[in-house]
Amino acid sequence: MLIALLALLVALLALALSAWLYQQEYMLANNEASATAELQSAINTLTTSQQDMTAAIAAQREALAQLRTDSLGQLNALNSRSQELESKLQSLTTVDRRDWLLAEVEYLLRLANQRAQLSHDPRAAAQLLSSADAILRELDDTALHAVRAELAKEISALHNNADIDVEGIYLALQGLATEAGKLQLYQAPTYTKEEVEETGDEWQQRLESGLGRAWDKLRSYIRIRHHEQNFKAQLAPEQEAALRASLRLMFEQAQLALLANRPVLYGRALDKAAAWLEEYYQLDDHRAGLLKQIKAVREMPVSAEMADISGSLRSLKVYLKNHRWQQEVRK
């Protein structure tokens with residue numbers, strides 16, 4: 001009986017131990033499955049994150065490579081543009097210098113034509129043409145040969161016209177006007193009456209003596225004049241000032257006629273000035289010398305046929321037209 005009881009107890013203990021072991025094994029299996037599931041989930045999450053990161057890194061690498069390619073292309077384009085701009089700048093610098101020199105030549109030619117046609121100054125016109133020719137020589141362009149050939153002919157023609165000393169005649173007229181202002185106008189003779197005392201028997205002798213002295217004094221005012229016109233009455237102060245101003249105006253008019261190449265007006269102004277000197281001014285050596293100078297200046301040649309110097313300007317315009325056309329073709 002005791003043995004059976006012990007056997008039963010052992011059996012129950014074995015059963016309980018088996019149940020506990022089974023429970024522990026079941027729980028361990030469940031925990032292992034849960035841990036495995038969690039680990040698998042974590043591994044899946046890490047795998048997804050790794051794939052996302054790999055994709056992001058690949059995208060960044062691709063973007064960086066594209067950026068590098070674009071930057072390299074932009075840098076090459078910038079270098080090419082810089083070289084092109086530098087080349088154009090050098091080309092424009094050369095073109096601008098030639099254009100400036102050609103513009104200066106055209107200006108000098110136009111100014112020379114103005115001096116020749118308006119001022120009738122062949123010397124100044126020839127100097128301007130020579131300056132233009134020096135610039136053309138510096139350009140060293142065979143296409144400008146026609147322009148330089150015209151300039152050579154025109155400079156030679158102007159030297160032939162330069163015999164008239166316009167500046168010298170102009171200054172001579174100015175000197176005559178200054179000297180004319182120093183002349184004295186005619187002054188009417190004056191007579192001062194002398195008091196004669198009537199005393200006794202001597203009054204007749206004193207009267208005769210006084211008349212004699214008066215006649216001698218009157219004779220000192222008399223000068224023989226070889227003029228066809230009668231003696232002019234003494235001018236009032238305002239008339240004298242107007243006469244002097246008019247005389248100066250005649251010399252100035254002669255100067256303007258000289259510059260304008262108007263020989264008829266030039267001679268008329270000097271003839272008028274000489275006539276006023278003879279009519280209204282005192283007859284003395286100063287006036288005679290001034291009249292002689294006026295006559296000498298009056299006989300000087302003041303007009304000459306001015307040479308035509310427009311050929312060089314026309315030839316330059318033809319060259320400039322062809323030059324601009326060639327520049328447009330190069331562009």
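A residue counts as buried when its relative accessible area is under 20%, as exposed when it is over 50%, and as partly exposed in between (1.4 Å probe, protein chains only). At 38% relative accessibility, Ala 260 therefore counts as partly exposed. The model here is predicted, so local features need pLDDT of at least 70 and side-chain atom pairs count only at pLDDT 80 or more, while totals for chains, interfaces and linings use all residues. Residues are numbered from 1 along each chain as its sequence is written, and side-chain values use heavy atoms, with hydrogens and water left out.

Let us stay with Ala 260 for a moment. Look for Ala 260 in the loop that links helix 6 (237-259) to helix 7 (263-280); helices are DSSP runs of H or I with at least four residues, numbered from the N terminus. Although 140 residues separate Ala 260 from His 120 in sequence, their C-alpha atoms are 7.0 Å apart in space.

His 120 also leads us to Val 166. Contact means heavy atoms within 4.5 Å, and, leaving aside neighbours within four places in sequence, Val 166 is in contact with His 120, Leu 258 and Leu 259. Val 166 belongs to helix 4 (residues 166-180), and its relative accessibility of 14% is why it counts as buried.

Now follow helix 4 to its meeting with helix 8 (residues 285-298). Their axes, lines fitted to C-alpha atoms over the stretch in contact, with angles from 0 to 180 degrees between N-to-C directions, come within 11 Å and cross at roughly 160 degrees. Angles over 145 degrees count as roughly antiparallel, so that is how helix 4 and helix 8 run relative to each other. Among the residues making this contact are Ile 169 and Leu 173 of helix 4, and Leu 290 and Ile 294 of helix 8.

Not counting residues up to four places away in sequence, Leu 247 touches Ala 180, Ala 273, Trp 276, Leu 277 and Tyr 281.

Technical notes. Helix = DSSP H or I, 4+ residues; strand = E, 2+ residues; numbered from the N terminus. Parallel < 35°, antiparallel > 145°, perpendicular 65-115°, else oblique.
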